[in-house]
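User: I should like to go through the reasoning behind several structural assignments in this protein. Please set each value against the criterion that applies.

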Amino acid sequence: MEFTIPHHHPALAGHFPGRPIVPGVVVLDEVLALLARIEPARRVSGIVGAKFTGILAPGEACRVEFEPRADGGLRFACVAAGRPIASGLLALFPP
């Protein structure tokens with residue numbers, strides 16, 4: 001699944017003038033929204049960890065991949081233009 005943050009998104013104002021980048025919290029929000037759309041029965045109880053390793057520009061497509069874990073958690077990885085930008089682990093409520 002993919003998402004794109006438009007250039008006019010309100011979180012971009014001041015982040016950063018002249019060279020805006022998508023804030024990490026917006027990336028995480030999109031990850032959670034994608035999961036809710038593709039697997040509505042899964043409910044996130046928390047973000048165990050998140051690591052930001054690259055920059056996402058406004059208008060740039062970001063692909064999100066999910067990988068279930070044996071312990072019931074769910075790993076996610078975000079990739080834009082072939083480069084990793086974020087990854088982490090989501091805790092889920094039991095089904």
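Analyst: A search of the whole structure, which is a predicted model, finds zero disulfides.

User: How do you know whether Cys62 and Cys78 are buried or exposed?

Analyst: The term buried applies under 20% relative accessible area. Cys62 has a value of 0% and is therefore buried. Cys78 has a value of 1%, so Cys78 is buried as well.

User: Which residues does Val27 touch?

Analyst: Leaving aside residues up to four places away in sequence, Val27 touches Phe3, Val22, Phe52, Leu56, Cys78, Ile85 and Ala86. Phe52 and Ala86 are also bridge partners, Ala86 being in strand 5.

User: How do you know that the length of helix 1 agrees with its number of residues?

Analyst: The expected span is 1.5 Å times one less than the number of residues. For the 15 residues of helix 1 this should give 21 Å, and the end C-alpha atoms are 21 Å apart, so the two agree.

User: Which residues of helix 1 are buried, and what covers them?

Analyst: Val26, Val27, Leu28, Glu30, Val31, Leu34 and Leu35 are buried in helix 1. Their cover includes strand 1, strand 2, strand 3, strand 4 and strand 5.

User: What makes strand 1 and strand 2 edge strands?

Analyst: The five strands form an open sheet in the order 1-3-4-5-2, with antiparallel pairing. Strand 1 (2-4) and strand 2 (44-52) each pair on one side only, and these are the edge strands. From one strand to the next, the twist averages 25°. Helix 1 (residues 24-38) packs on this sheet, and its direction makes about 135° with that of strand 2.

User: Why are strand 2 and strand 5 said to pair?

Analyst: Pairing requires at least two bridges.

User: Why is Ala81 called exposed, and what is noted about its phi?

Analyst: Exposed means over 50% relative accessible area. Ala81 has 68% relative accessibility and therefore counts as exposed. Ala81 is in the loop between strand 4 and strand 5, and its phi is near 50°, a positive value in a residue other than glycine.

User: Why is Pro68 called exposed, and which residues does Pro68 touch?

Analyst: Pro68, in strand 3, has a relative accessible area of 54%; the cut-off is over 50%, so Pro68 is exposed. Not counting residues up to four places away in sequence, Pro68 touches Arg42, Gly73 and Leu74.

Terms used
Residues numbered from 1 in each chain as written. Predicted model: local features only at pLDDT ≥ 70, side-chain atom pairs only at ≥ 80, totals over all residues. Heavy atoms only, no water. Helix = DSSP H or I, 4+ residues; strand = E, 2+ residues; numbered from the N terminus. Axes fitted to C-alpha atoms, helices over the stretch in contact; angles between N-to-C directions. Contact = heavy atoms within 4.5 Å. Buried < 20%, exposed > 50% of the residue type's maximum accessible area, 1.4 Å probe, protein only. Disulfide = S-S within 2.5 Å.
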